[in-house]
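Here is a short briefing on a model. Look over the sequence and the coordinates, then read the points below.

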Amino acid sequence: MTQYLLAVHSVEGQPMPSEEQMQQAYKAVGALNSELQSAGVWVFAGGLLPPSSATVVRAQGGQIVTTDGPFAETKEQLGGFWIIDVADLDAALDWARKATVACANPVEIRPFQEV
Amino acid sequence: MPDPGTPAVERAFRESSGRAVATLVRLFGDIDLAEEAVQEAFATAAERWPETGVPPNPGGWITTTARNKALDRLRRESSRYGREAQAVLLREQTSPAREEEPVPDDRLRLIFTCCHPALGAEAQLALTLRLVAGLQTPEIARAFLTPEPTIAQRLVRAKRKIRDAKIPYRMPRDAELTSRLPFVLAVVYLVFNEGYTASAGDELVRTELCAEAIRLARLLAELMPDEPEVRGLLALLLLTEARRPARTGADGSLVRLADQDRTRWDRAMIAEGQDLVRGCLRRNQPGPYQLQAAINAVHADAPAAAATDWRQILALYDQLSALVPTPVVALNRCVAVAEVHGPGVALGLLGQLDLDGYHLFHATRADLLRRLGRAAEAAAAYDAAIRCAANGAERAFLIRQRDALGPRPRPAG
């Protein structure tokens with residue numbers, strides 16, 4: 001079995017989804033989470049608050065520098081993620097297809113290193 | 001790699017190489033290990049066979065030898081390979097070695113792995129030619145006029161992704177097969193088209209790529225006899241390839257379908273292609289490749305260009321554009337419209353297409369304008385086509401067509 005990160009990419013500056021669309025997405029993601037759990041492939045998942053809530057720390061010249069805001073000033077930011085444990089990429093893609101429909105955003109699939 | 005020697009030996013090498021790699025990938029789950037071991041087995045064959053003679057079943061010999069070489073490698077440097085390969089080693093230590101029987105599905109599984117949609121189109125192409133067709137990296141580079149390091153890097157990255165992301169070696173399940181098969185067919189068709197009209201360079205056709213594509217299509221048809229689109233693709237390739245001898249003049253220049261010497265068409269290939277098309281018609285599950293094959297079968301039926309049944313071709317294009325509503329299909333349909341309803345109607349339809357960068361769009365437009373007697377506009381359209389065409393033979397053909405319009409009218413003002 002391999003663990004995969006299903007990363008939800010949200011694009012900033014897109015029109016805000018309506019209240020109704022938000023509710024629908026919450027419901028669909030909730031249903032998918034239950035499905036992942038009952039299939040025994042769930043490891044962890046969560047949605048993130050906007051990048052404006054982010055703080056970056058980095059080691060620089062022997063000191064730790066702390067800065068406000070996200071690391072990369074790009075339009076596309078990580079909005080949330082799932083970690084699942086499945087047999088192979090095809091199985092991960094099957095779940096990712098459901099995930100992108102549920103959260104209405106593009107989903108990137110990346111395998112974790114084997115430990 | 002043995003000395004290529006005669007084409008027969010080379011072909012045998014390619015065929016058994018594809019089979020052996022596919023079997024070893026199934027056994028060890030590691031493409032690099034499979035490839036290295038098969039190369040070693042061929043090196044051993046090149047050393048021994050001249051003395052011992054070719055064994056009765058060369059393919060089986062290669063596969064069994066390669067498997068043993070792979071096991072040796074695993075014993076020597078087991079940490080280099082994945083867990084799956086190491087598990088094989090463990091199994092091997094408890095059960096004795098035996099003659100390795102190839103499973104026909106091995107190559108099919110490998111084709112679907114190579115053409116996985118998680119890999120880029122160029123990577124799919126290079127992998128299929130390398131692993132399934134058994135072409136060496138320099139051959140692929142030469143065929144696509146791409147620097148060898150570029151192809152090598154593409155292969156390395158694709159193989160790494162297969163391993164890291166765990167792209168599985170298996171046939172897609174039934175429900176998935178319908179969505180995955182088009183990727184496989186597209187790769188084979190791309191190999192053929194690249195061979196049939198090389199996208200760059202001066203030579204019109206790169207025969208070896210056409211032959212390779214037909215071989216892959218035959219393999220698919222043999223392995224998936226119940227897929228009508230697979231048969232459709234094979235028929236399309238055969239019917240197109242059959243015209244190749246008539247497609248170039250003695251000086252290597254391009255000869256249009258209408259002007260071709262039809263006695264030079266390959267009748268055996270046409271018969272095989274038409275047979276496949278008839279089988280598809282009986283099944284009545286039309287798809288894009290079957291329809292294109294049927295269109296080519298109608299062309300092949302006509303003893304002379306003037307005898308072409310354009311109404312039937314147009315009806316087939318109507319069906320095709322309903323299934324594949326792309327501008328390129330619409331452009332080809334326009335050619336049939338011109339024959340059935342006249343160049344004026346076709347020109348009107350052409351005006352709605354957005355294909356400004358495609359040389360055949362401008363070439364078709366130029367031809368319609370010429371037939372309508374609008375020489376100055378035709379010349380300008382040929383100029384646009386010449387600018388867009390990357391193949392030397394095609395460009396030369398377009399220049400001849402333009403110059404045949406007569407002296408250029410002086411620009412106004």
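How many residues does the contact take from chain B, and how many from chain A? It takes six from chain B and five from chain A, where two residues are in contact if their C-beta atoms, placed from the backbone, lie within 7 Å. This is a predicted model: local features need pLDDT of at least 70, side-chain atom pairs count only at pLDDT 80 or more, and totals for chains, interfaces and linings use all residues. Residues are numbered from 1 along each chain as its sequence is written, while chains are lettered from A and ligands numbered from 1 in the order in which they are written.

- The side of chain B that touches chain A has four nonpolar, two charged and no polar residues.
- Ala, Val, Leu, Ile, Met, Phe, Trp, Tyr, Cys and Pro count as nonpolar, Asp, Glu, Lys and Arg as charged, and the others, Gly among them, as polar.

**Chain B overall**
- Chain B has 20 helices and zero strands; these are DSSP runs (helices H or I, at least four residues; strands E, at least two), numbered from the N terminus.
- Of its 413 residues, 41% count as buried, meaning 20 or more other C-beta atoms within 10 Å of the residue's own, with C-beta atoms placed from the backbone.
- Among contacts in chain B with a separation of 6 or more, 63% join residues 24 or more positions apart.

**Domains of chain B**
- The assignment gives domain 1 (7-103), domain 2 (309-348) and domain 3 (356-413); bounds come from an automatic or database domain assignment.
- The C-alpha centres of domain 2 and domain 3 of chain B lie 21 Å apart.
- Eight residues of domain 2 are in contact with six residues of domain 3.
- On the domain 2 side, helix 16 (327-341) and helix 17 (343-350) of chain B each give two or more residues.
- That side of domain 2 divides into seven nonpolar, one polar and no charged residues.

Key. A residue is buried if 20 or more other C-beta atoms lie within 10 Å of its own, exposed if 12 or fewer, and partly exposed in between; C-beta atoms are placed from the backbone.
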